[in-house]
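Please open the model in your viewer and keep the sequence panel beside it.

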Amino acid sequence: MAWKWFSKTLINLIFIGASIVGCSSSPKKSYTVNELEKRADEYLAVGDRFRLQGRPADALQYYRSAQNLYFKKWNPSKYTLSGMKETTVLVVMGELASAKARLDYFKNYSQSLNITEMYADIALSEAMLLYAYEKRDEATTLLDTWSKREDVGLEKRQYMLFYRVWKTQQLPENTSLKDLLHQAQSIISGYSSGELENPEVAFFSALVMAEFLESNQEYEEAWTFLTQVVNIHRDAEVVIQWPRIFSALSRVATKLNKEELAAFYLRMHEEQLRTPLQ
């Protein structure tokens, strides 16, 4: 456990004191250099890449490495963020008991330190875990509550909305299909203009919208969204999702009597499943 570092406090203080003495003639800005946090950020980014490539065990290793460094540095927000990423990966891996233990730990930790900026991330991770436990009503209520809060960032609220639609295949109360379309289109427009920076949010929202339109037999609209999904996906590099995208393209092309395209995307779907990621 990261808490074991306290047993070495005296030794650490000696090294810190020696460092201060040794750097007494250094420029003032050298004191702001943050090697620990920079390394933790790099570990977190590598973990994200592995997660998007469908390599959860590798992602977990890097998330935990980042977590330890954030704790050493004492950055409660990033420490909690890395914990929520760890929780999400554990859910994906089906290790629900471990996921719940980590969620409970970080939930208590963030509440103890009043890390309010992380409450929405915790709520999203909790909803993912509840869906995995098949507690759909509880999870959906949680997401509906948080996705309407004005103190939650726009990208986070949008992700919550479309995650909820994906898991339930239902529209939220007082939300029409037209409303949801408007939300998805605004996300794509925001990403195209640079207002929204996260390609993963734009990609996920567009894909869920396309699949929801397909399930409602709105094939022309679904096709439009799927073509945008392909473009955004290249930026997001969520390579694990190519088979899902090509399968949807093949199905919708069939419904639109685009037989050659349907056959082509079916082949791409099969080849993606066979092609290993080196």
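## First stop: Gln241

Select Gln241 and show its surroundings: leaving aside residues up to four places away in sequence, Gln241 touches Phe203, Leu207 and His233, where contact means heavy atoms within 4.5 Å. Gln241 lies in the loop between helix 11 and helix 12, and with a relative accessible area of 19% it is buried; here buried means under 20% relative accessible area, exposed over 50%, and partly exposed in between, with a 1.4 Å probe and protein chains only.

Before moving on, note that this is a predicted model, in which local features need pLDDT of at least 70 and side-chain atom pairs count only at pLDDT 80 or more, while totals for chains, interfaces and linings use all residues. Residues are numbered from 1 along each chain as its sequence is written, and side-chain values use heavy atoms, with hydrogens and water left out.

## The whole chain

Zoom out and colour by secondary structure: the protein chain has 13 helices and zero strands, these being DSSP runs numbered from the N terminus (helices H or I, at least four residues; strands E, at least two). Of the 278 residues in the protein chain, 43% are buried. Among contacts with a separation of 6 or more, 59% join residues 24 or more positions apart.

## Helix 12 against helix 13

Next, select residues 242-255 and 259-274, which are helix 12 and helix 13; their axes come within 8 Å and cross at roughly 160 degrees. Axes here are lines fitted to C-alpha atoms, for helices over the stretch in contact, and angles run from 0 to 180 degrees between N-to-C directions. Helix 12 and helix 13 are therefore roughly antiparallel to each other, given that angles under 35 degrees count as roughly parallel, over 145 as roughly antiparallel, 65 to 115 as roughly perpendicular and the rest as oblique. The crossing of helix 12 and helix 13 is left-handed, a term used if the near helix is turned anticlockwise from the far one by less than a right angle, with right-handed used if clockwise.

## Helix 2 against helix 4

For another pair, select residues 35-52 and 76-92, helix 2 and helix 4, whose axes come within 12 Å and cross at roughly 20 degrees. That makes helix 2 roughly parallel to helix 4, and the crossing of the two is left-handed. Glu37, Asp41, Leu44, Asp48 and Arg51 of helix 2 make the contact with Lys78, Leu81, Ser82, Lys85 and Val89 of helix 4. By class, the contact of helix 2 with helix 4 has three nonpolar, one polar and six charged residues.

## The nonpolar cores

Now select Phe162, Met209, Phe225, Ile245 and Leu249, the residues with the most contacts inside the largest nonpolar core, which has 55 residues. Such a core is a set of buried Ala, Val, Leu, Ile, Met, Phe, Trp, Tyr and Cys residues joined through side-chain atoms within 4.5 Å. The largest share of this core, 11 residues, comes from helix 10. Centre on Phe162 and, not counting residues up to four places away in sequence, its contacts include Leu180, Ile187, Phe204 and Met209. A second, separate core of 25 residues includes Ala40, Tyr63, Val91 and Ala99.

Leu124 counts as buried at 8% relative accessibility, and Ser125 counts as buried at 4%. Not counting residues up to four places away in sequence, Leu124 touches Leu143, Lys156, Tyr159 and Met160, whereas Ser125 touches Met84, Thr87, Thr88 and Leu103.

Finish at Glu197, in the loop between helix 9 and helix 10, which counts as exposed at 68% relative accessibility. Its C-alpha atom is separated by 9.0 Å from that of Glu155, 42 residues apart along the chain. Glu197 touches Glu155 and Tyr191, with residues up to four places away in sequence not counted.

Terms used
Ala, Val, Leu, Ile, Met, Phe, Trp, Tyr, Cys and Pro count as nonpolar, Asp, Glu, Lys and Arg as charged, and the others, Gly among them, as polar.
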